[in-house]
Structure formats: C-alpha cells, structure tokens
Amino acid sequence: MIDWGSLARAIHVLSVVVWIGGVSLVTTALLPALKQKPPEDWIRDFNEIERRFAPQAKVAVLLVLLSGLYMLYAYSLWNRFVDARFWWMHLMVAVWLIFAVLLFIVEPLTIRNTIREQQPNEASRRLLARIIWMHRLLLTLSLIAIFAAVGGSYGLF
Ligand code: HEM
C-alpha cells in the first residue's frame, strides 16, 4: 500500500530543492557574474536565464503547495496555524506566498517588461543591483524557512 503522506513529503522536499536550489545558484553565481557585463549583455542574458528558470520555478512552487496542503490534510495539522509554537509553519507559508505573488503576479505584469524594455544606461546598472539585493533577501528567508521546517518537523523546537 502506498503511504500517500510520505509520497507528498518526498515531493515537497524535491520541489523545494529544485526551486530554492535554483534561486541559490541565480543569486550567488549567475547574477553577480552578470554584474561584470555591459548593460546590453546582462539584459539579454538575464532574459535568457529567466525564460528558462521561471517555468521550472512555477511548477515547483505549485507542487510545494499541493504536497504541503495534502500533508496538512493527511496528518490533520491545520490547528498548528493557531499555535505560536509552530511559527515555522507560518514562516513556510509566508515564504510560499511571497514567491507566488512575485512569480505569478508581479513578474509577468511588471518586472518582465521593465527589464525587456530597459535601455542600457546607468539606471539599468542600479536596477541589476536592486535585483541582486532582492534575491539575497529572498534566499536568506528561504534558507531560514527550510532549516526551521526540518527542525520543526523533527522536534528541534
Ligand atoms: C503553502 C505552502 C506550504 C505548506 C502548506 C507546507 C506544509 C508543510 C507540512 C504540512 C509539512 C510537514 C510538517 C511535519 O511533518 O510536521 C511541511 C514540511 C516541510 N516543508 Fe513545507 N509547506 C509549505 C511551503 C514550504 C516552503 C516554501 C518551503 C521551503 C522554503 C517548505 C519546506 C519544507 C520542509 C523542508 C519540510 C520538512 C520536510 C521533512 O524533512 O520532512 N515548505 N510543509
């Protein structure tokens, strides 16, 4: 018999690895490498990377939601959200919400066009610096959420 709860957990962790692992590579290696390039090059490369990574991240974000909701249902964990001891559950959902809004709403509606139509000038250098800082912040929050979620799931807190 298949243990569907364990299957959901495996899918949850696998999706988190693909998604946050990708964010980590982009934040710590690809974006800093783009900083060394002239604006017309980084704008082109950024669009190429985004075109490939955004669809993967969207699938992973949806799988994290579905598998997370299934675990809440299968293990009857809903009441954790009214208990402050399970702050790490709130953190997980908060990180999910921030990324979902950015990926599914803000990015397609505003960021994508801003970068595609960006003129190679001083303002575009500042834009890249802002993008890098935003990624660092999101990566830090995500890593704390992963540490806290594994710790919380296995009795560290
Ligand atoms: C709506 C979004 C989410 C829901 C509903 C959700 C739900 C859950 C649930 C119910 C568990 C099992 C807790 C337990 O066994 O005590 C879990 C575990 C976990 N979640 Fe989430 N989660 C969500 C988003 C996230 C995000 C965004 C991350 C990563 C940043 C994440 C990372 C993890 C990790 C690493 C575990 C521990 C898995 C293990 O080692 O067993 N989750 N999540």
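Student: Is the crossing of H3 and H4 left-handed or right-handed?
Tutor: In this predicted model, H3 and H4 cross in a left-handed way. Their axes come within 9 Å and cross at roughly 145°.

Student: Which residues make that contact?
Tutor: H3 brings Trp88, Leu91, Met92, Val95 and Ile98. H4 brings Leu138, Leu141, Ser142, Ala145, Ala148, Ala149 and Gly152.

Student: How do the residues in the contact of H3 with H4 divide by class?
Tutor: Ten would be the word for the nonpolar ones: the count is 10 nonpolar, two polar and no charged residues.

Student: Now H2 and H3. At what angle do their axes cross?
Tutor: The axes of H2 and H3 cross at roughly 155° and come within 11 Å.

Student: What makes H2 roughly parallel or roughly antiparallel to H3?
Tutor: The angle does. Angles over 145 degrees count as roughly antiparallel. The crossing angle is roughly 155°. Therefore H2 is roughly antiparallel to H3.

Student: And is the crossing of H2 and H3 left-handed or right-handed?
Tutor: H2 passes H3 in a left-handed crossing.

Student: Which residues of H2 and H3 meet?
Tutor: On H2 they are Ile43, Phe46, Asn47, Ala54, Ala57, Lys58, Val61, Val64 and Leu65. On H3 they are Trp96, Phe99, Ala100, Leu103, Ile115 and Arg116.

Student: How many residues of the contact of H2 with H3 are charged?
Tutor: Two are charged, one is polar and 12 are nonpolar. Lys and Arg count as charged, so Lys58 and Arg116 belong in that class.

Student: Which residues come nearest to the ligand?
Tutor: There are 22 residues around the ligand. Gly68, Met71, Met92, Trp96 and Ala149 come nearest.

Student: Which elements give two or more residues to the shell around the ligand?
Tutor: H1 (4-35), H2 (39-74), H3 (87-116) and H4 (122-153) do.

Student: How many residues in that shell are nonpolar?
Tutor: The shell has 17 nonpolar residues, four polar and one charged.

Student: How many helices and strands are in the chain?
Tutor: Four helices and zero strands. The order from the N terminus is α-α-α-α.

Student: How do you know what confidence to give the chain?
Tutor: By pLDDT, which runs from 0 to 100. The chain mean is 94, and 100% of the residues reach 70 or more.

Student: Where in the chain is confidence lowest, and where highest?
Tutor: Confidence is lowest in H3, with a mean of 91, and highest in H1, at 97.

Note on methods. Residues numbered from 1 in each chain as written. Predicted model: local features only at pLDDT ≥ 70, side-chain atom pairs only at ≥ 80, totals over all residues. Near = placed C-beta within 6 Å. Axes fitted to C-alpha atoms, helices over the stretch in contact; angles between N-to-C directions. Parallel < 35°, antiparallel > 145°, perpendicular 65-115°, else oblique. Left-handed = near helix turned anticlockwise from the far one by under 90°. Contact = placed C-beta atoms within 7 Å. pLDDT = per-residue confidence, 0-100.
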